Amino acid sequence: MAIPSFFLTVLALSLSVVLTAATSTFQDFCVADPQEKVLVNGLACKDPKLVEANDFFFSGLHIAGNTTNPVGSKVTPVFASQLPGLNTLDISIARIDYAPTGINPPHTHPRATEVLTVLEGTLEVGFVTSNPENRHLRKVLQKGDVFVFPIGLVHYQRNVGYGNAVAIAALSNQNPGVITIGNAVFGSTPDIDIDVLVKAFHLDKTTIGYLQSNSCQMTNFSLLMLLLSLSLSVALAADTSALQDFCVADPKGQVLVNGLACKDPKLVEENDFLFSGLHIAGNTTNPVGSKVTPIFVTQLPGLNTLGISMARIDYAPWGINPPHTHPRATEVLTVLEGTLEVGFITSNPENRHLRKVLQKGDVFVFPIGLVHYQRNVGYGNAVAIAALSSQNPGVITIGNAVFGSTPDIDTDVLVKAFHLDKTTVNYLQSKF
C-alpha cells in the first residue's frame with residue numbers, strides 16, 4: 001500500500017475514534033471573536049459553525065523585523081490577538097530579530113514561561129531568580145541552541161555576534177504579557193513618586209529623574225546592566241500556581257510524583273536550562289519520511305513543571321507526520337523551510353477536517369487532544385518547529401495505538417469499530 005493512500009486510510013479510520021484530552025477545556029477550541037462585547041478573562045468564542053482553517057493560521061513569520069530602534073531588536077508576536085485560534089489554549093510564539101549589539105531589555109512575562117531557540121547568530125541570555133538569592137544565570141547561545149526562561153522571572157537577550165541574529169520564542173500562554181523593567185518602573189503613567197524610587201534603588205533624585213526621562217531610550221549595554229542590577233531588588237509576582245522559581249528535573253530522584261522530582265535548587269546551573277543541536281537535520285530515511293527531534297523534559301530538565309516544550313520536525317519529499325494526538329498539549333507549528341499540508345479533525349459528532357497548505361513563515365495551531373497530521377507537498381525537504389503546551393505532551397499515533405498495541409486489541413473489536421473484515425484488520429496489525 002503506497003504511503004499517501006495508506007496515510008489517508010489511517011486518517012479516515014481515526015475520524016471514528018473518540019479521544020479525551022487531559023485538559024480543563026470543555027470544547028475542541030474557542031476561536032477568539034474580537035467583535036464580541038462580552039467581557040471575559042481572555043476573549044469570547046466565535047460561533048463554532050463559523051470557524052474555518054484560517055482561524056488557526058498566521059502568515060509572515062519568515063519576514064525580518066525592523067531593528068532600527070534604540071534597543072536594536074524587534075519582537076513579532078503571534079499571540080491570540082494575531083492568531084485567534086490560540087484563544088484559551090495556553091501557548092503562543094514570537095519571532096525576535098536583533099541587530100548587532102541589539103538587546104531585548106530586561107523584562108518578565110507574568111503569565112508565561114519562554115523557550116527560546118536561536119535560528120541565526122549568537123546571543124547572550126540570562127535570567128535572575130527571585131528574592132532573596134537573586135542568582136543571575138546566563139549563557140551564550142549559538143545557532144540551534146535552546147534556553148528556558150521560567151515564568152515571571154526577569155530575563156534578557158543580547159546579540160554578541162558580528163551579524164544579525166534571529167530567534168523563535170515559544171510562550172506558555174496565548175497572552176503572555178510583557179513587563180519591561182525600565183518602562184514599568186521609570187516610565188509608568190503617571191510616574192511613581194521619586195521618593196519611592198530613591199529609597200527602592202538607593203539612587204539620588206537626579207539619577208532617578210534622568211532614568212524617568214530616558215526610560216524608552218536606553219540603548220547601550222551599560223544601561224542594560226544597570227536595569228538588570230536594579231531589577232534584582234524588585235519583587236515580581238507571576239500569575240502562576242508554581243511555588244518556586246523552577247523545579248529542574250532530577251532523573252535520579254526516587255520519589256514518584258506526577259512528572260519528575262526537583263533537583264536541589266543549590267545544585268541548579270545554567271546548563272539545566274540549555275539544549276544544543278536543534279539546527280541539525282533529523283534522519284528521514286524511514287517508512288513515513290519524517291523525523292521528530294523532541295525537546296521535552298527528558299531532554300531539557302529545566303522545562304520540568306513549566307508547561308511548555310518544543311520539537312524540530314524534518315520531512316523528506318512526500319514525507320508525513322502520521323495522524324496522531326498530543327493528550328496533554330496544544331501544538332503551534334511554524335514552517336522554517338518547504339511546503340506542508342496540515343490538518344486536524346474535530347471531535348464527535350462533527351468530525352470536521354480543517355486543513356491548510358503552509359509555506360515558509362506560516363504558523364498553524366493544532367488544539368489539544370485533536371487528531372492532526374502534516375505532509376510535505378513540496379519538491380524538496382521541509383523543516384518545522386513545533387511549540388507544545390506541556391513539558392511532556394505525549395504522542396498517540398493512531399495507527400500504532402489502534403493496530404499496534406501490546407497485546408493486540410481483539411480483532412472482533414476492530415472489525416466492528418472500523419467496518420472491516422478480519423483479513424484487513426490482521427493485515428493492518430501486521431504492519432504496526
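Good morning. Strands here are DSSP runs of E with at least two residues, helices are runs of H or I with at least four residues, and both are numbered from the N terminus.

Before going further, a note on the model: it is predicted, and local features need pLDDT of at least 70, side-chain atom pairs count only at pLDDT 80 or more, while totals for chains, interfaces and linings use all residues. Residues are numbered from 1 along each chain as its sequence is written, and side-chain values use heavy atoms, with hydrogens and water left out.

To return to the strands, β4 (residues 103-108) and β9 (residues 154-159) run antiparallel and are joined by three bridges. Two strands count as paired if DSSP finds at least two bridges between them. Both belong to an open, antiparallel sheet of five strands, in the order β7-β6-β9-β4-β11. At its edges lie β7 (136-141) and β11 (179-180), each pairing on one side only.

I turn now to the interior. A nonpolar core is a set of buried Ala, Val, Leu, Ile, Met, Phe, Trp, Tyr and Cys residues joined through side-chain atoms within 4.5 Å. Buried means under 20% relative accessible area, exposed over 50%, and partly exposed in between, with a 1.4 Å probe and protein chains only. The largest such core has 76 residues, of which F56, L116, F273 and L333 touch the most other members. At least three of its residues come from each of domain 1 (48-177) and domain 3 (282-396), with bounds from an automatic or database domain assignment. Leaving aside residues up to four places away in sequence, F273 touches, among others, F127, L137, F147, F246 and L300; contact here means heavy atoms within 4.5 Å. A second, separate core has nine residues, including I345, I398, V425 and L428.

Finally, the disulfides, defined as pairs of cysteine sulfur atoms within 2.5 Å. How many does the structure hold? There are two disulfides, and with the bonded cysteines numbered in sequence order the pairing is 1-2, 3-4.

In the pair C30 and C45, the sulfur atoms are 1.9 Å apart, and the link is left-handed, with -105° about the S-S bond. C30 is buried at 6% relative accessibility, whereas C45 is partly exposed at 37%.

C247 and C262 are likewise joined, S to S 1.9 Å. Their S-S torsion is about -100°, so this disulfide is left-handed. C247 is buried, at 6%, and C262 is partly exposed, at 40%. Thank you.
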